[in-house]
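Colleague: I would like to learn how to read a model such as this one, beginning with a helix. Could you give me the general idea each time, and then the case in hand?

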Amino acid sequence: MQIKAPRGTQDVLPKDSYKWHLLEKRIRELCDLYQFREIRTPAFEHTDLFIRGVGETTDIVEKEMYTFLDKGNRSITLKPEGTASAVRSLIEHKLYADPMPLKMYYLSTPVFRYEKPQAGRLREHHQFGVECFGSIVPNLDAEIISIAMTLFQQLGLKNLSLNINSIGCPTCRPVYRQKLKEYFETHKEDLCETCLSRLERNPIRILDCKNESCREVVKNAPRTIDYLCEDCSDHFHSLQEYLTILGYDFVVNPGLVRGLDYYTKTVFEIISTDLGAQSTVCGGGRYDKLVEECGGPDLAGIGFGMGIERLLMILEKQGLLPEEPYKNKVYIASMDEASKKEGFRLLALLRKNGISAEGDLMSRSFKAQMKYADKINFTHTVIIGEEEVKTKKFTLKNMELGTQESLTEEELINTLK
RNA sequence: GUGGAUGUAGCUCAGUGGUAGAGCAUCAGAUUGUGGCUCUGGGGGCCGUGGGUUCGAUACCCAUCAUCCACCCCA
């Protein structure tokens, strides 16, 4: 049996990796613009971190984690998301002693979830994420959102929509939760099976259900934003003002409830119509209690995660990915034994001078070498035969124009540089 | 975890109850040191895997795995 990549994983092949590099370069420049620095955390953590961080009742923790015992009998889990690790690291290295706010991002870190693969959903995918700790001001929420929005604008993405909501804080959420539960109790007969089980454990999640009869019930359900405490309500309104200052269109979506338990106040998602059923490219929010819950000090936080594969899917679909960037590539074609050796020497010399070059590695005939040079799209070919070896003047052919000239070693290096 | 579609050469796909083809790609040639066009030829497939029906299955039936899509959930 042939061994294939595990279900829900993808290879990035040599011909495509430049797309990732392109995107990663843009993202690094952007983060630099916002004064964020990169953090790198391990691909796996102690399972407890995610149980405490992400939340016991979430789908991620309940059924999607790659958890195993290592040889030291520790329960280990492959990261299902990025925030918990950042928080753990912050606490472990006492970064809370640094000047506030703490700003960090992570890029192309792999995250793992055991789900059934479909369009835009993988078991291993990669995320770009941003986290900021120590500040509770609403203009920070807007600023975090603007990082994602700016990236999308720079890339030229269309058909995106920004959804925001506030899910309250430990002061107002229990009140709302109770109201919601009372409301759903009276409509039990119209709820689907999963929602009935949610009723006890996490009634807020019913708001997110796509089942038709549940949606009917949800339509008239109490909305989080109507039960926010004064602090949360002010925060939410203020956020909207700041988003307006930045000129963003947004939708207040009371049904937006995120599947991770750590969120408080602001939650948001950026949605694309070009992704099929998995429409979220970027999702995040505020998590003011998470650091404390993980054993750290009382420190507010906010951040988002963005799926690199999904982002690339949209770029591809909207035709926004450029061709592989132009590069001056030189091929050295040679004929007899003597010229082959001369070519081999020249190849090393070109590379020493920073010129990207390649020679024959297939023992091809001269003509076949030329064909190859054409196929691989070399911009120049250096031709070496008896003549060139004798005179020490090499033939440089411009493959696009078809022109050629005879040059000394030094001239050759200078023109190709 | 549930449901639908699909699985034949590197890729896109034909095809028949008697163990397979096309186009593209690849490689080699078309008189001696020059690519792109054209022409000729070669290599490459246990027809996803395991069972069953049959004298015989790539084709029919079952199972399984994988891919794609939807539910669920999320990036």
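Modeller: Helices (H or I, at least four residues) and strands (E, at least two) are DSSP runs, numbered from the N terminus, and the expected span of a helix is 1.5 Å times one less than its number of residues. Before the case itself, please keep in mind that this is a predicted model, in which local features need pLDDT of at least 70 and side-chain atom pairs count only at pLDDT 80 or more, while totals for chains, interfaces and linings use all residues. Residues are numbered from 1 along each chain as its sequence is written, and chains are lettered from A and ligands numbered from 1 in the order in which they are written.

Colleague: Which residues of helix 12 are buried?

Modeller: A residue is called buried if 20 or more other C-beta atoms lie within 10 Å of its own, exposed if 12 or fewer, and partly exposed in between, with the C-beta atoms placed from the backbone. By that count, the buried residues of helix 12 are Ser339, Gly343, Leu346, Leu347 and Leu350. An α-helix has 3.6 residues a turn, so residues three or four places apart point the same way. To test this here, we use an arc, which is that of the directions from the helix axis to the C-beta atoms. Looking down the axis of helix 12, we find its buried residues within an arc of 115°, so they line one face of the helix. On the other side of helix 12, Glu337, Arg345, Ala348 and Lys352 are exposed.

Colleague: What covers the buried residues of helix 12?

Modeller: Two residues are in contact if their C-beta atoms, placed from the backbone, lie within 7 Å. The cover of these residues includes strand 12, strand 13, strand 14, helix 14 (386-391) and helix 15. Just after helix 12, Gly354 takes a positive phi of about 80°.

Colleague: In what order do the strands of the open sheet of five strands stand?

Modeller: Two strands pair if DSSP finds at least two bridges between them. The order in this open sheet is 13-12-14-15-16, with mixed pairing, and its edge strands, each pairing on one side only, are strand 13 (357-359) and strand 16 (404-408). For angles, axes are lines fitted to C-alpha atoms, for helices over the stretch in contact, and the angles run from 0 to 180 degrees between N-to-C directions. Direction ignored, neighbouring strands of this sheet are turned by 30° against each other on average. Strand 12 (residues 330-334) pairs with strand 13 in the parallel sense over three bridges, and Val330 has Ala357 in strand 13 as its bridge partner. Strand 15 and strand 16, by contrast, run antiparallel and are joined by five bridges, with Lys393 facing its bridge partner Thr408 in strand 16. The hairpin of these two strands has five residues between them, and there Gly402 takes a positive phi near 85°.

Colleague: Which strands does helix 13 lie across?

Modeller: Helix 13 (residues 366-375) lies across strand 12 and strand 14 (380-384), running at about 170° to strand 12. Helix 15 (residues 409-416) also packs on the sheet, touching strand 12, strand 14, strand 15 (393-398) and strand 16, and its direction makes about 120° with that of strand 16.

Colleague: Which residues have the most contacts inside the largest nonpolar core?

Modeller: In soluble globular proteins, nonpolar side chains tend to be buried together. A nonpolar core is a set of buried Ala, Val, Leu, Ile, Met, Phe, Trp, Tyr and Cys residues joined through C-beta atoms within 7 Å. The largest one here has 69 residues, and Ile144 and Ala148 have the most contacts inside it. Helix 5 (residues 138-155) gives the most to this core, with nine residues. Apart from it lies another core, of 16 residues, among them Tyr331, Ala357, Ala373 and Val382.

Colleague: What does Ala148 touch?

Modeller: Leaving out residues up to four places away in sequence, Ala148 touches Ile270, Cys282, Phe304 and Met306. Phe304 and Met306 are on one side of strand 11 with Ile302, whereas Gly301, Gly303, Gly305 and Gly307 are on the other, and all of these are buried.
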